[in-house]
Amino acid sequence: MQRQNELKNWLASQFPNRPFELTFAAADADYRRYFRATFNDGSTLICMDAPPEKMRESVANYLKVRDLFSHLNVPQIIAQDLDLGFVVLNDLGDMQYLKALQQYPDNLEAHKMLLLEAIDVLIELQKASQPNVLPEYDREILLREINLFPDWFVKHELGKNLTFKQKQLWEQGIAALLPVIEAQPKVYVHRDFIVRNLMFTGSRVGVLDFQDALYGAISYDLVSLLRDAFIEWEEEFVLDLVIRYWEKARAADLPVPANFDEFYRWFEFMGVQRHLKVAGIFARLWYRDGKDKYKPEIPRFLNYLRRTTRRYHELAPLYALLLELVGDEELETGYTF
C-alpha cells in the first residue's frame with residue numbers, strides 16, 4: 001500500500017487538476033506491478049510500479065528495448081521517474097491474446113487467424129534485426145537457463161539429485177542439443193513472445209514485456225508463441241503454423257533454410273531448451289518466491305519435452321532421463337508430484 005500511495009502522489013504531480021482512480025491491472029513474475037489510472041473524462045493510462053532497489057536495470061532495459069522495437073505496437077512512454085521506479089504508458093487495453101483465444105475454445109480457425117497475425121508481428125520484429133545492438137543469446141546464457149531444470153525442478157519439485165548415471169544422460173543430451181541451437185542464424189529475440197504478452201487491440205497487435213530481449217536463435221520466439229504454458233494445441237495444428245511462419249520468413253528474406261524439415265528440427269531443439277528452462281523457472285517461482293500461479297503448468301512442459309526428445313535419436317539421453325524422473329504417462333495440468 002505504501003508503494004501504491006507513492007504512485008498516486010507521483011501521478012497527481014504529473015497530471016495536476018486531473019482526478020483519477022487507480023486500480024490494479026496486472027503483476028509480472030518478477031517484482032513489477034501494473035495499475036490502470038482512469039481519469040474523469042474516461043481516458044486511461046497504465047502505470048508501471050518497479051521498485052528501484054530491485055528493478056532499476058530491468059526498467060532501463062525496458063526503455064532501451066522499447067525504443068528499439070518502436071516500429072511495433074509497443075507502449076508509448078508518457079512519463080517516467082527511474083529513481084522512484086514509476087513509468088506511465090499508454091493503455092493497450094485489457095484483452096490479452098490468451099483471453100481472446102479462450103473466448104473461442106473450440107474454434108481453431110479463429111485461433112489460427114489470431115496466431116497468424118502474431119506471426120506477422122514476429123516477422124516484422126525479426127526483419128529489423130541488427131547485430132551488436134542487443135546482447136548475444138550465447139552459450140553461457142543457454143546453459144544457465146537449462147541448468148534451472150536440475151537445480152530447481154529436479155532438486156526442489158521432485159526432491160531428488162541426479163545420480164551419476166543420470167548426470168551422464170543429462171550431459172550427453174545437452175551436448176547434442178546446444179550445437180543445433182547455436183548454429184541457427186540470429187535475430188532479435190523478444191524472449192517471452194507468448195499469448196499473455198500480446199494484446200488484441202482491434203487493430204495492430206500490441207507487444208508487451210520485452211525488456212529481456214537478446215540477439216539469438218531465429219526459432220526461439222516462434223517456440224514461445226506455439227508451445228505455451230497456459231494454452232495448448234494439437235501437434236498437427238502447431239506444425240501447420242510453423243509451416244506458415246517458415247513460408248512468410250522465406251518471403252521476407254529472413255535466414256531460414258530452404259528445406260522445411262531442417263527448420264522444424266531447429267524449432268524442436270530450441271523448444272527442448274526452452275521447456276527445460278521454463279520447468280525450472282516455474283519451480284523456482286514457487287519454492288524461492290512463493291508464487292504458485294505457474295507451478296500447476298509444469299506438467300505441460302514435461303509433456304512437450306517427452307514428445308520431442310523421443311522423436312530424435314540425438315536426444316535419446318534426455319528422453320531416457322525424463323522417463324527415469326517422471327515416467328512415460330502423459331501428465332495432466334495441475335498434477336502435483
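Arginine 191 sits in the loop between strand 6 (186–189) and strand 7 (198–199); helices (H or I, at least four residues) and strands (E, at least two) are DSSP runs, numbered from the N terminus. This is a predicted model, in which local features need pLDDT of at least 70 and side-chain atom pairs count only at pLDDT 80 or more, while totals for chains, interfaces and linings use all residues. Residues are numbered from 1 along each chain as its sequence is written, and side-chain values use heavy atoms, leaving out hydrogens and water.

- Arginine 191 is not a glycine, yet has a positive phi of about 90°.
- With a relative accessibility of 19%, arginine 191 counts as buried (buried means under 20% relative accessible area, exposed over 50%, partly exposed in between, using a 1.4 Å probe and protein chains only).
- Asparagine 17 is not a glycine either, and has a positive phi of about 60°.
- The loop between helix 1 and strand 1 (20–27) holds asparagine 17, which is exposed at a relative accessible area of 80%.
- For background, most residues other than glycine have a negative phi.

**Two residues in helices**

- Lysine 8 belongs to helix 1 (residues 2–14) and is partly exposed, its relative accessible area being 33%.
- Beyond its neighbours within four places in sequence, lysine 8 is in contact (heavy atoms within 4.5 Å) with Phe20 and Leu22.
- Lysine 8 and glutamate 21 are 13 residues apart along the chain, and their C-alpha atoms are separated by 8.9 Å.
- Glutamine 166 is part of helix 7 (residues 164–182) and counts as buried, at 10% relative accessibility.
- Not counting residues up to four places away in sequence, glutamine 166 touches Asn161, Leu321, Glu324 and Leu325.

**Helix 4 and its cap**

- Asparagine 107 caps the N-terminal end of helix 4, with a side-chain oxygen 3.2 Å from the backbone nitrogen of glutamate 109.

**Helix 6 against helix 10**

- Helix 6 (residues 148–157) and helix 10 (residues 260–287) pack with their axes 8 Å apart, at an angle of about 50° (axes are lines fitted to C-alpha atoms, for helices over the stretch in contact, and angles run from 0 to 180 degrees between N-to-C directions).
- That angle makes helix 6 oblique to helix 10, because angles under 35 degrees count as roughly parallel, over 145 as roughly antiparallel, 65 to 115 as roughly perpendicular and the rest as oblique.
- Residues meeting across this pair include Trp152 and Phe153 in helix 6, and Ile281 and Tyr287 in helix 10.

Definitions and conventions
Polar contact = N/O pair within 3.5 Å; in protein donor to acceptor, adjacent residues only side chain to side chain.
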